[in-house]
Amino acid sequence: MAEPRTEALHSNAEGLDIQAPDAILSSLVNAQIEAAKAVRDAIPAIAAAAEIIAGRLNGGGKLAYAAAGSSGLMALADALELPGTFGIKRERIAILIAGGDDAFKTLAGGPEDDTDEASTAIAGAGIGKGDCLIAISASGSTPYAVQALKDARSRGAATIAIANNKDTPLLRLADVAILLETPPEVIAGSTRMGAGTAQKIALNMLSTLTAIHLGHVHDGYMVNLTADNIKLRDRAARIVAAISGRDRQDAVRLLEASGGVVKTAILLAAGAANSVAAEKILEGTGQKLRPALSAIEGNKGAKAPVLKTEPEKGQQGD
């Protein structure tokens, strides 16, 4: 059996433990940079996957993630951000990680071989026709992830696989295969490093493009965020002010009138009669703000007035 790339020894690994700290850290950061570059080759597959996910979510389906170990942590980090950043309902997101809730305390290795647990998790989450599953495994052969994908597929869900080794079971079984062919790790087999970095980048790209397809991003602003704390309410006001051209005081007033919904507040600023009318316009445009603004302006394709502000540096958790 050929040695998987993720288990191979890195070319700079020999004598690593006797090198100076600066040299060790230089090897580590260079390996991370090389791993990040591997994502570029996966852009066409990520684009195809985002289109599928957006279609399933638009149709009322769920998005599920299935993974084990450090791949599970990457999945968790992506999935938990979606409700706050893009307003995707929490009940539409399922996170299936080998070992269940105990994994968040111990991240034990054994559960990643438990295919029965994977089948139980898919059934328990009600994954089926109309839904989409993303299965993630650095090796591409983790039994939990492979079984979850098999079960989701057999129940009619669309399937997307993310792996760091080519020609693996996970990639072969999926509707869309995202190969992140990262170099061998500086610590052989420690896929929380380069492989995990590439997975996180790919997941960031995948969920962000999905949100753009769903109309939750406008000119780089997260116009469907859930503003449930002081920082995010302030961000929401700045977004409304920036896109509508109103001052902050007006933006806050419009948000109050919209029940805190950014898109609705922007349409009120553009001339929508009231919140109900604004929401009806959004329904007609598939929740996309740009054509909704054009409809109000009566000038299809024209851009609404824009007041430029400093872009956000980061999202939740800044």
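Colleague: Leaving aside its neighbours within four places in sequence, which residues is Thr159 in contact with?
Modeller: Good place to begin, and please keep in mind that this is a predicted model. Thr159 lies in strand β4. Beyond its sequence neighbours, the contacts of Thr159 are Leu133, Leu149, Ala152, Arg153, Leu173, Ala174, Asp175 and Val176.

Colleague: How many bridges join β3 to β4, and what is the bridge partner of Ala135 in β4?
Modeller: Strand β3 covers residues 132-137 and β4 covers residues 158-163, and the two run parallel. They are joined by 6 bridges. In β4, Ala135 has as its bridge partner Ala161.

Colleague: In what order do the strands of the open sheet come?
Modeller: The sheet has 5 strands with parallel pairing. β2 (93-97) and β5 (176-179) each have a single partner strand, so they stand at the edges, with one side of each left without a neighbour in the sheet. On average, neighbouring strands are turned by 15° against each other, direction ignored. The order is β2-β1-β3-β4-β5.

Colleague: Which strands does helix α2 touch as it packs on the sheet?
Modeller: Helix α2 spans residues 43-58, and its direction makes about 135° with that of β5. The strands touched by α2 are β1 (63-67), β3, β4 and β5.

Colleague: Stepping back to the protein chain, what is its radius of gyration?
Modeller: The chain's secondary structure comes to 13 helices and 7 strands. For 318 residues the globule rule gives 20 Å, and the chain's value is close to that, so the chain is as compact as a globular protein of that length. The radius of gyration is 22 Å.

Colleague: And what percentage of the 318 residues is buried?
Modeller: The C-alpha trace spans about 65 × 50 × 35 Å along its principal axes. Within the protein chain, the buried residues make up 45%.

Conventions:
Residues numbered from 1 in each chain as written. Predicted model: local features only at pLDDT ≥ 70, side-chain atom pairs only at ≥ 80, totals over all residues. Heavy atoms only, no water. Pairing = 2+ DSSP bridges. Helix = DSSP H or I, 4+ residues; strand = E, 2+ residues; numbered from the N terminus. Axes fitted to C-alpha atoms, helices over the stretch in contact; angles between N-to-C directions. Contact = heavy atoms within 4.5 Å. Rg over C-alpha atoms; globule rule 2.2 N^0.38 Å. Buried < 20%, exposed > 50% of the residue type's maximum accessible area, 1.4 Å probe, protein only.
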